[in-house]
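Take a look at the model below.

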Amino acid sequence: MVLSDRTIREEIDRGSIVVDPLGEGCIQPASVDVHLGPQILVFRNSRRPYIDIGQDMTDLTEMVETGDDVPFILHPGEFVLGTTLENIEIPGHLVARLEGKSSLGRIGLLIHSTAGYVDPGWKGHLTLELSNVANLPITLYQGMKIGQLSFLTLTTPAEQLYGSPDLGSKYQGQVVPTPSRMYMDFQDENSTD
């Protein structure tokens with residue numbers, strides 16, 4: 001069941017759902033608007049011939065800070081990582097779905113490739129997987145509405161929340177766009193400790 005605006009407000013008032021800061025007018029009929037944070041993680045040209053998901057490849061990216069009035073220009077076919085301005089916390093009885101704003105989708109901006117699902121127990125700023133599928137560059141402004149979160153009720157509260165030690169959660173508490181930590185799965189599998 002998807003939460004309505006009334007239920008979202010009740011959950012926020014109880015402190016069960018956290019969206020901080022919560023902008024004026026950001027609660028929609030069945031979602032909450034989120035905004036683009038000031039950091040963009042860009043992929044730079046590399047001498048590596050490919051991306052090896054079994055290796056730490058954090059040297060493939062660099063952080064760019066955007067200004068209040070200076071946009072980041074996302075070129076056609078470009079892929080970067082952004083983050084929500086808001087810190088998001090999801091309680092154990094809910095999951096959230098992150099979706100792009102319709103007005104941005106209509107100009108070719110995609111805000112996630114696969115990471116639109118937010119687990120129960122999540123705490124942190126959401127990393128956005130930003131792609132431009134249009135034929136022209138798109139301007140991205142710090143603080144612009146970038147997406148919306150809807151909330152769904154679980155049949156029962158989750159037994160293990162995201163961030164629980166047994167789950168090996170890699171991104172709990174992130175504040176800035178965070179590159180892939182997929183390589184950690186390979187370290188765990190090959191570990192002899």
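**A walk through the model**

Tyr-162 is buried, with a relative accessible area of 17%. Buried means under 20% relative accessible area, exposed means over 50%, and partly exposed lies in between (1.4 Å probe, protein chains only). This is a predicted model: local features need pLDDT of at least 70, side-chain atom pairs count only at pLDDT 80 or more, and totals for chains, interfaces and linings use all residues. Residues are numbered from 1 along each chain as its sequence is written, and side-chain values use heavy atoms, with hydrogens and water left out.

Which residues pair through their aromatic rings? A search of the whole structure finds two aromatic pairs. Rings of Phe, Tyr and Trp (its six-membered ring) pair if their centres lie within 6.5 Å; planes under 30 degrees apart count as stacked, over 60 as edge-to-face and the rest as tilted.

Phe-43 sits in strand β3 and Phe-79 in strand β6 (residues 79–83), so the pair links distant parts of the chain, 36 residues apart. Helices (H or I, at least four residues) and strands (E, at least two) are DSSP runs, numbered from the N terminus. Phe-43 is partly exposed, at 37% relative accessible area. Phe-79 is partly exposed too, at 31%.

The other pair brings us back to Tyr-162. The rings of Trp-122 and Tyr-162 have centres 5.4 Å apart and planes at 50°, so they are tilted. Trp-122 lies in the loop between β10 (117–118) and β11 (123–124), and Tyr-162 in the loop between β14 and α3, so the pair ties together parts 40 residues apart in sequence. Trp-122 is buried, at 7% relative accessible area.

Now find Gln-174. This residue lies in the loop between β14 (145–153) and α3 (183–190). Is Gln-174 buried or exposed? At 9% relative accessibility, Gln-174 counts as buried. Leaving out residues up to four places away in sequence, Gln-174 touches Trp-122, Lys-123, Gly-124, His-125, Leu-126 and Thr-127. Contact means heavy atoms within 4.5 Å.

Next comes the interior. In soluble globular proteins, nonpolar side chains tend to be buried together. Here the largest nonpolar core has 34 residues, and those with the most contacts inside it are Leu-130, Leu-140, Ile-146, Leu-149 and Phe-151. Among the elements that each supply at least two residues of this core are α1 (5–14), β8 (94–100) and β14. A nonpolar core is a set of buried Ala, Val, Leu, Ile, Met, Phe, Trp, Tyr and Cys residues joined through side-chain atoms within 4.5 Å. Beyond four places in sequence, Leu-140 touches Leu-36, Pro-71, Phe-72, Leu-74, Leu-109 and Leu-130.

Last, the loop between β3 and β4. Ile-51 has its place in this loop, between β3 and β4 (61–65). At 54% relative accessibility, Ile-51 counts as exposed. Gly-54 lies in the loop between β3 and β4 as well. Gly-54 touches Tyr-183 and Phe-186, not counting residues up to four places away in sequence. Asp-56 is also placed in the loop between β3 and β4. Asp-56 counts as partly exposed, at 37% relative accessibility. Its contacts, apart from neighbours within four places in sequence, are Arg-48 and Tyr-183.
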